[in-house]
Amino acid sequence: MEKVYIYLENGIYLEAKSFGASGTSIGEIVFNTSMSGYQEIITDPSYAGQFITFTAPEIGNVGVNDDDNESSKAWCKGVFVRNYNEVYSNFRGEKSLSDLLKEHKVLGICDIDTRFLTKTIRDQGAMMMIASTEISSKDELKKILESTPRIEQINYIEQVSTKESYVHKYGAWNMKTLSYNKAVMSDKKIVVIDFGVKRNILNELVEAGLEVEVIPSDFQADDLIKRFEDGQIGGIFLSNGPGDPLTLTNEKEQVEKLTKANIPIFAICLGHQMLSIAHGYDTFKLPFGQHGGNHPVANENKIVEITAQNHNYNVPDDIEKIASITHKNLFDNTIEGVKYNNKQIFSVQHHPEASPGPHESKYIFDEFAKIVKPN
């Protein structure tokens with residue numbers, strides 16, 4: 001293994017070992033508390049522009065495979081792990097995590113104190129950093145980092161969104177057949193606006209009985225409104241995605257038009273934030289975000305769901321002026337879900353498809369399917 005050199009914007013300089021791609025990469029460092037599902041996390045487009053610090057100490061032990069990718073590639077800038085296992089053992093494993101990272105030019109950093117990194121992020125907040133297998137000078141790393149745009153200045157949506165529309169034809173993973181269920185004919189069709197959608201979100205929408213068409217993020221609201229009025233589609237879904245939602249000014253204008261058209265809309269994560277902004281309530285950045293598969297959320301029936309989370313931004317408390325609060329995060333009491341007054345529009349901050357994570361929130365997809373208009 002070659003050496004890798006790390007510099008954080010708070011001045012911390014570290015050395016570790018590399019098990020992924022070679023090169024130099026810059027991004028924002030966050031931590032994830034999930035105990036499993038590292039492949040799904042690494043291929044989640046919402047991590048574009050970020051380094052992921054895994055709090056689970058052993059990573060790589062089950063390898064990776066083509067079925068468990070949440071998108072076409074690994075979008076994150078790099079991953080930090082305490083102990084990396086090159087030799088994997090799993091009947092579904094096809095190659096090592098190192099192979100995946102090298103294929104997609106993502107840095108893999110191991111033999112480092114991930115508890116120290118996690119505590120640093122927790123205490124000081126998510127921050128920009130640079131890692132390199134090519135440059136060892138602290139001063140040079142600092143200079144490069146300071147001259148590079150920050151994550152909130154980059155529109156990663158343009159990178160992760162599909163370039164062409166397509167119909168998603170698979171449902172949930174079937175443990176009996178060890179394959180994804182195939183889509184069946186449906187009289188309810190929705191359009192998914194792809195801000196960086198995870199494949200398992202699409203799977204769960206199909207599993208809920210919907211025909212799912214995915215379109216690029218540079219959509220025109222007027223086209224979708226006309227399709228709805230003509231009975232071609234019965235609802236719209238706004239997906240998860242990376243980056244600061246306040247930078248998406250064009251997308252905000254289009255989402256605002258959709259909210260005024262009486263179309264059933266469901267949104268997750270970034271889409272949830274975009275709905276808030278489109279209604280005039282700007283999001284704010286959390287100190288270190290919420291990333292993991294063990295977050296307790298209380299729903300409107302006062303039932304606690306353990307949820308999967310991956311976000312750095314949140315909707316403001318005063319959104320309750322125009323919406324009812326349906327979900328609250330029990331870790332920090334931030335808003336996790338809303339239903340907009342007098343509209344068939346609702347959204348959640350967490351990831352109910354839970355890939356990886358618990359499945360206690362999957363019912364939300366069925367709730368959406370109920371309000372989608374038949375063709």
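Ser 18 counts as buried, because its relative accessibility is 6% (buried means under 20% relative accessible area, exposed over 50% and partly exposed in between, with a 1.4 Å probe and protein chains only). Ser 18 belongs to strand β2, residues 13–18; helices (H or I, at least four residues) and strands (E, at least two) are DSSP runs numbered from the N terminus. With neighbours within four places in sequence left aside, Ser 18 is in contact with Met 1, Glu 2, Val 4, Gly 108 and Thr 133, where contact means heavy atoms within 4.5 Å.

The model is predicted: local features need pLDDT of at least 70 and side-chain atom pairs count only at pLDDT 80 or more, while totals for chains, interfaces and linings use all residues. Residues are numbered from 1 along each chain as its sequence is written, and side-chain values use heavy atoms, with hydrogens and water left out.

**Overall build**

The protein chain has ten helices and 21 strands. Its radius of gyration is 20 Å, close to the 21 Å that the globule rule gives for 375 residues, so the chain is as compact as a globular protein of that length. Here the radius of gyration is taken over C-alpha atoms, and the globule rule is 2.2 Å times the number of residues to the power 0.38. The C-alpha trace spans about 60 × 45 × 40 Å along its principal axes. Of the 375 residues in the chain, 59% are buried. Among contacts between residues at least 6 apart in sequence, 73% join residues at least 24 apart.

In helix α7, residues 221–229, the buried residues are Ala 221, Leu 224, Ile 225, Arg 227 and Phe 228. These residues cover an arc of only 160° around the axis, which puts them on the same side of α7; the arc is that of the directions from the helix axis to the C-beta atoms. Lys 226 and Glu 229 are exposed on the other side of α7. The buried residues of α7 pack against β13 (189–193), β14 (211–215), β15 (235–238) and α8 (249–259). After α7 comes Gly 231, with a positive phi near 80°.

Helix α10, residues 363–371, has Ile 364, Phe 365, Phe 368 and Ala 369 as its buried residues. Seen down the axis of α10, they fall within an arc of 145°, so they line one face of the helix. Among the elements that cover the buried residues of α10 are β13, α6, β15, β16 (265–268), β19 (323–329) and β21 (345–348).

**Pocket and cavities**

Rolling a probe the size of a water molecule over the atoms shows where empty space is left. On a 1 Å grid over the protein atoms alone, a cavity is a set of points where a 1.4 Å probe fits but cannot get out, and a pocket is an open set with protein on both sides within 12 Å along at least five of seven lines; lining residues have an atom within 4 Å of a point. Grid points are joined across faces, edges and corners, and a volume is the space filled by probe spheres set on the points. By this rule there are two cavities of 30 Å³ or more.

| Space | Volume | Lining |
|---|---|---|
| Largest pocket | about 720 Å³ | 38 residues |
| Largest cavity | about 150 Å³ | 16 residues |
| Second largest cavity | about 110 Å³ | 15 residues |

Gly 37, Glu 40, Asp 68, Arg 92 and Pro 356 lie nearest the centre of the largest pocket. At least two lining residues come from each of α1 (38–42), β5 (58–59), β11 (170–174) and α6 (199–207), and α6 gives the most, with four residues. By class, this lining has 14 nonpolar, 14 polar and ten charged residues. Ala, Val, Leu, Ile, Met, Phe, Trp, Tyr, Cys and Pro count as nonpolar, Asp, Glu, Lys and Arg as charged, and the others, Gly among them, as polar.

In the largest cavity, the lining residues closest to the centre are Ser 46, Pro 242, Gly 243, Asn 312 and Tyr 313. Two or more lining residues come from each of α9 (270–278) and β18 (304–314). The lining has five nonpolar, nine polar and two charged residues.

For the second largest cavity, Ile 41, Lys 198, Gln 309, Asn 310 and Pro 356 lie nearest the centre. β18 gives the most to this lining, with three residues.
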